[in-house]
Each structure stands twice: as structure tokens, then as C-alpha cells.
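Open the model in your viewer and keep the sequence panel beside it. The stops below are given in the order in which to select them.

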Amino acid sequence: MANKEGEISLLTPYKMGKFELSHRVVLAPLTRQRCLGYVLQPPMILYYSQRTSKSGFLIAEAAGVSDISQTSPEMPGIWTKEQVEGWKPLVDAFMQKEESFSVSYGWYGFPGNALSQTLKAVRSRLRQNSLDRVGLGPSVWEGVRSLSLSQHLKILTVQKKNPFTISLINLPYFRFDGVEIHGAHGYLIDQFLKDEINDRTDEYGGSLENRCRFALEVVDAVVKEIGGDKVGIRLSPFANYSESGDSNPETLVLYLAESLNEFKILYCHVLWLKTEPSGGTFISAGGYGREDGNKAVAENRTDLVAYGRLFLANPDLPKRFELNAPLNKYDRSTFYTRDPVVGYTDYPFLETTI
Ligand SMILES: Cc1cc2nc3c(=O)[nH]c(=O)nc-3n(C[C@H](O)[C@H](O)[C@H](O)COP(=O)(O)O)c2cc1C
């Protein structure tokens, strides 16, 4: 895409599926630990509303798909009626602002913050299903790791229906525009994808095709439930969070992108990308600022750019990019504190700083 003189490519319109976006600056999913018992709290409505702009695109923080998938009650869930009710005012607020909004959701059983809770929840579920009790092995991490790779799939099978799709039954009710499947950051799906952590010997381990099978089955199930035009996926092929690295990430991401094209999903969202897959809408994320984000769009290396820490600290980020205004600095020490205001909803808007 040619960058006309004076044009800020990041702020040009883009049509993603049926969504006519007015700019390409996307809010990346950001866990902020402000829920209570997996339920959204009023300050979260304010936080997200602060980050809206007409016809922008926001992706909500990671939400768990079932009681054994979520690690911390300060993170949201979407598997009970009460949790779904908690999201409703947020979605209503967005509808009024004509904002597109996806919930990012996934299975966070492995590298969670509240390890003991994960183990407790998983253990009880395992017992319910008459599976063997999980031994922790020589270290807790080793135990969780082997649980993730050898037991989670059994749990999915035992439950008969994929919990990713069970939680989607609620989707029409709380009217999200879509969901982003969390296939990044060393969580369950990522663990299947990466050859440095997936040590399975069945049809879900070994070859590239086998390691991608679980991710594609989840996508297939979700697409069948709500339609590909509402589904995105997030991947971090080049990262090795929680030991989830891959020896050949380029091949992995290209294979995945090609396979995902067949499902005609809404978008593919990739972190720290070094290769450009072709196909539908592509969101790039990880370490972008105004200039390199703009360049990436202008050079057609991505369609949209997702911003994490900069958007966290600058509720009016698209406006600041438009004016090339100075940015607030983010305060890492308040990323995950429970405070409903400090470091959460008190980052100043441009009008109040100039
Ligand atoms: C406080 C914080 C919370 C995050 N939570 C999530 C999350 O829930 N889901 C996710 O996929 N990524 C999460 N990330 C990663 C961000 O979405 C983003 O990819 C990362 O910060 C890199 O982008 P940036 O350089 O623009 O910040 C989080 C990052 C931060 C700093």
C-alpha cells in the first residue's frame, strides 16, 4: 500500500470482514487482574470505555473457557451465567460507541499465576472423571507440564464436548463481535504447537501436522459453532514463554497460516513476527511504536497493529498517533495490582496533559 505524503497509514480505514474499521490501531489483549471471582467489575467497564474510538477494534483480556482452564479468579471467565452477565454492560457500552470488540479466550492451565488453584481444580476434575490422580513429579512445574501435555486432551475428550465451544453458547447473548482463540504464550494450544515442549507420541505430537492438529480442531469446532467471520486466533511462534519454544517457527507459522486460510477466519494475530504469512486479515503485535507500526502497514507487512503497553498507558492512543503527541509512560509495577484506579483508569488523556 502506497503511503501518500502526509498520510498516517496506521490511521487509514480498513475493512475486516464485515467491520469497517476507521483506523488500524488495535488494543492488544491485556490481563489486568481486576475481576472478582472470574466476574468483571465496574472499573473494568470504565477502563475499556476509555480506550474506545469510533469504529476502532479492541480485544479484551484473556478469559477462561471453563472452570479448569482458568488460573486466577482475578481473570475473567465466560463459562457461567454470572460471568456472562458481568460482560454485558461492557458490550452494551461498546455497541453505543460503534466499537468492534472481541473477547480473547483460551485455556490457561499451565503457566498461570495461581499455580495451586490450577492444580486443585484440575485434580478434582480428574477425580470426577475417574482418571488417574496427577502426580506432581520431582518438581511442581514438571508435574503441571506433564499434566498439560498428557492429560488435558483426555479431559477434553471425557467432557465429550469441547469446552471452547461450550462457553461460546453464551456468545449471541452477550453480543461480542467475535472471539480470539488464545494460541500464544505457552498456554495449552501453544504447548501442542511447539516441538520443544510437546513430547506426545500420539497423533497430537511429533510431526508438524500432528502438533498443529489440536489448534486446528479447536478452530474448526469454534468456527462450526459461531462462523469463521467471528473467529480470530493469536499465535506466538517465535516466542518461548514457559519453555514453549519451537526449533522452526517460520515453518510452523506458515503451515498454520495456510491451514487457517481454509477456515476463512476473521483474522490471524501474530506476535513478534519475522515472516509474513499471506491470506486474510493479519494483525501484528509486539514491541511496536508509532513509526514502525506505521511503516509495517505502509509496506503492507500487516493490516492492523495491536498495541499492548502503549495502549495500557495511553487511553487515547490513536489520537496521540494522529497528532504525533507525546505518550504517557507505562508503569510496570501496577500492571497486575488489584487497584481499581491507580495504574488502571487514571492514565491521563491528552487534553489533560497539554
Ligand atoms: C499487563 C499485560 C497483560 C497481558 N495480558 C495478555 C493477555 O491476557 N493475553 C494475551 O494474549 N497477551 C497478553 N499480553 C501481551 C500483550 O497483548 C502484547 O502482545 C505484549 O505486551 C507485546 O506488545 P506491546 O509491545 O505492544 O506491549 C499482556 C501484556 C501485558 C504487558
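Select Val26 first: Val26 stands opposite Phe57 in β4. This is a predicted model, in which local features need pLDDT of at least 70 and side-chain atom pairs count only at pLDDT 80 or more, while totals for chains, interfaces and linings use all residues. Residues are numbered from 1 along each chain as its sequence is written, and side-chain values use heavy atoms, with hydrogens and water left out.

Now show strand β3 (residues 25-27), which pairs with β4 in the parallel sense over 2 bridges. Two strands pair if DSSP finds at least two bridges between them; strands (E, at least two residues) and helices (H or I, at least four) are DSSP runs, numbered from the N terminus. Buried means under 20% relative accessible area, with a 1.4 Å probe and protein chains only.

**The ligand**

Select the ligand and the 17 residues around it, of which Pro29, Thr31, Arg234, Gly287 and Arg309 come nearest. A residue counts as near if one of its heavy atoms lies within 4 Å.

- Thr31: a polar side-chain atom lies 2.5 Å from an oxygen atom of the ligand.
- Gly287: a backbone N or O atom lies 2.7 Å from an oxygen atom of the ligand.
- Gly308: a polar backbone atom is 2.8 Å from an oxygen atom of the ligand.

On its own the ligand has 610 Å² of accessible area, and the protein covers 90% of it (Shrake-Rupley method, 1.4 Å probe).

**Helix α11**

Go to α11 (residues 290-298), where Arg290, Gly293, Asn294, Ala296, Val297 and Ala298 are buried. Just after α11, pick Asn300, with a positive phi of about 65 degrees.

**Aromatic pairs**

Rings of Phe, Tyr and Trp (its six-membered ring) pair if their centres lie within 6.5 Å; planes under 30 degrees apart count as stacked, over 60 as edge-to-face and the rest as tilted. By this rule there are 8 aromatic pairs. Tyr47 and Tyr48 are edge-to-face, because their ring centres are 5.0 Å apart and their planes are at 75 degrees. Tyr47 is buried at 0% relative accessibility, and Tyr48 at 1%. For the last stop, select Phe192 and Tyr204: their centres are 6.2 Å apart and their planes at 75 degrees, so this pair is edge-to-face.

Technical notes. Buried < 20%, exposed > 50% of the residue type's maximum accessible area, 1.4 Å probe, protein only. Polar contact = N/O pair within 3.5 Å; in protein donor to acceptor, adjacent residues only side chain to side chain.
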